[in-house]
Amino acid sequence: MSEGEHPRLILHNFLSPAECKELEFIHKSCSTIGYRPHVFSTTLSHLIATNSPHLIIPFVSIRERLKEKIEETFGCEFELFIEFTGLISWCRGASIGWHSDDNRPYLKQRDFAAVCYLNSYGKDFKGGLFHFQSGEPATVAPSAGDVIFYTADDRNIHSVDEVTDGERLTLALWFSRDSSHDEDSKLLSRISQCTLHRFCLPLPASTNMYWFCPHQDASNQNIGFDICFARLHLLGFGLHSLQGEDHSTDASEQLMGTLQIAKGGELLSRKFANVLHALQVVQFYNWKASELKTSNVENDTVEAMSQPQLETVNALKSVFLPDEKLVTTTFGYSGSNEDLKESLDLTGVSLAVTFWEEYTSKLLKVLLLSLPQWKTFQTIHKVEFD
Ligand SMILES: O=C(O)CCC(=O)C(=O)O
Ligand SMILES: [Fe+2]
């Protein structure tokens, strides 16, 4: 660390490739429109609000390690609270000019930042280099697993170049000395309000949280796409709504209800509770595809679509993805990965359902076992079981 003038530290491979991939899975199945143009985010409170509180489990040990490292580096052991944890992705057009992370009255509580890179410059996206205004290093090229720690004040003024292709993904945390900004106690009170069943099916937030609209000006307000629908489309999948014939259902509500997954004129017989359920399973399949291939699980049937079914699939697409090209321009080359799309099929989705359910149950079990201790200590920490 360069002491004094520019307190900061860069560590390579702080996160394992497996940790990066798991967080990428969570982001690609749960993200909403972010707080700035061309930015998507997944916060822990959003995971709880969408009935996926078990998905905070993969963050627990990573948050703990980051906090320990930052306290050790900056000599403030046992003094810090995590103020915010979020997965943040930037697509084409996103950038941020020179700033310090405490530069707004409502951000004054921020003392330190940790930014973990979950994918890599040059490989997964172009542009998006990080720069410190003064001191060394002047430039950081994001590489999956690397993390940068720095103080949130004006000794670490920084910027990020515009992303010109692909989707740049980070796990960002801020730390505060002020216990009233402790994220854990807020998250714990939200979890307490959940009814934790044996199994969690995700529940989408309001549709406007998923509507990506690149042009902020009034004339183009409706040109955009649903981010969940787009992420399914990027992997080559479409959706068939079972409320298609029911004209009393508002089109915008259709993703909230029962859906089937379609691909290339075929349909999987299995029904999904809503778009988030379908998206989580498909993203899980994409994450674990190589491991699933060897497995032998009973399949759902894959049927050829009838003409009316095809029409419903196309009708949904025209509502939620009116301009296909916009997805490719937004996500750049990750949007035109034909080989990946080719390799994923409906039989694979069907295999993935069972594995996704096992994964979900396992995390939920850990959550339920950890909760009593979390509540006692009012912190979210790794609990060791016998
Ligand atoms: O993603 C990065 O490299 C840094 C982002 C940043 O500066 C911020 O969100 O304040
Ligand atoms: Fe920043």
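Here are some worked exercises on the predicted model shown above.

Residues are numbered from 1 along each chain as its sequence is written, while chains are lettered from A and ligands numbered from 1 in the order in which they are written. Since we're looking at a predicted model, local features need pLDDT of at least 70 and side-chain atom pairs count only at pLDDT 80 or more, whereas totals for chains, interfaces and linings use all residues.

**Exercise 1. The ligand shell**

Work out which residues surround ligand 1, and sort them by class.

Step 1: list the neighbours. A residue is near a molecule or strand if its C-beta atom, placed from the backbone, lies within 6 Å of it.

Step 2: Helices (H or I, at least four residues) and strands (E, at least two) are DSSP runs, numbered from the N terminus. Strand S11 (158-160) and strand S13 (168-176) each give at least two residues to the shell.

Step 3: sort them. Ala, Val, Leu, Ile, Met, Phe, Trp, Tyr, Cys and Pro count as nonpolar, Asp, Glu, Lys and Arg as charged, and the others, Gly among them, as polar. The shell comes out with five nonpolar, two polar and one charged residues.

**Exercise 2. The annotated span**

Find what UniProt says about residues 69-177, then describe the span.

Step 1: check the record. UniProt, in an unreviewed entry, places the feature "domain: Fe2OG dioxygenase" at residues 69-177. UniProt positions are given in the numbering used here, feature names are shortened, and annotations may be inferred rather than shown by experiment.

Step 2: look at the model. The span is 5% helix and 45% strand, and its end C-alpha atoms lie 15 Å apart.

**Exercise 3. Helix H1**

Compare the length of helix H1 with the expected span, and decide why it is called largely enclosed.

Step 1: length. H1 covers residues 17-30, 14 residues in total, and reaches 20 Å from first C-alpha to last, close to the 20 Å expected at 1.5 Å a residue. The expected span is 1.5 Å times one less than the number of residues.

Step 2: burial. A residue is buried if 20 or more other C-beta atoms lie within 10 Å of its own, exposed if 12 or fewer, and partly exposed in between, with C-beta atoms placed from the backbone. In H1, 11 of the 14 residues are buried, so the helix is largely enclosed by the rest of the structure. Among the buried ones are Cys20, Leu23, Phe25 and Ile26.

**Exercise 4. Strand S10 and its sheet**

Trace the sheet that holds strand S10, and say which strands S10 pairs with.

Step 1: strand order. Seven strands form an open sheet in the order S1-S10-S6-S13-S4-S3-S2, with antiparallel pairing. The edges are S1 and strand S2 (32-33), each pairing on one side only. Two strands pair if DSSP finds at least two bridges between them.

Step 2: partners of S10. Strand S1 (residues 8-11) runs antiparallel to S10 and is joined to it by four bridges, with Ile10 opposite Ile148. Strand S6 (residues 112-117) pairs with S10 in the antiparallel sense over five bridges, and here Ala114 stands opposite Phe149.

Step 3: cover. Five of the five residues of S10 (residues 147-151) are buried. Val147, Phe149 and Thr151 sit on one side, with Ile148 and Tyr150 on the other.

Step 4: S2 and strand S3 (residues 39-43) pair antiparallel over two bridges, and Thr32 stands opposite Ser41.
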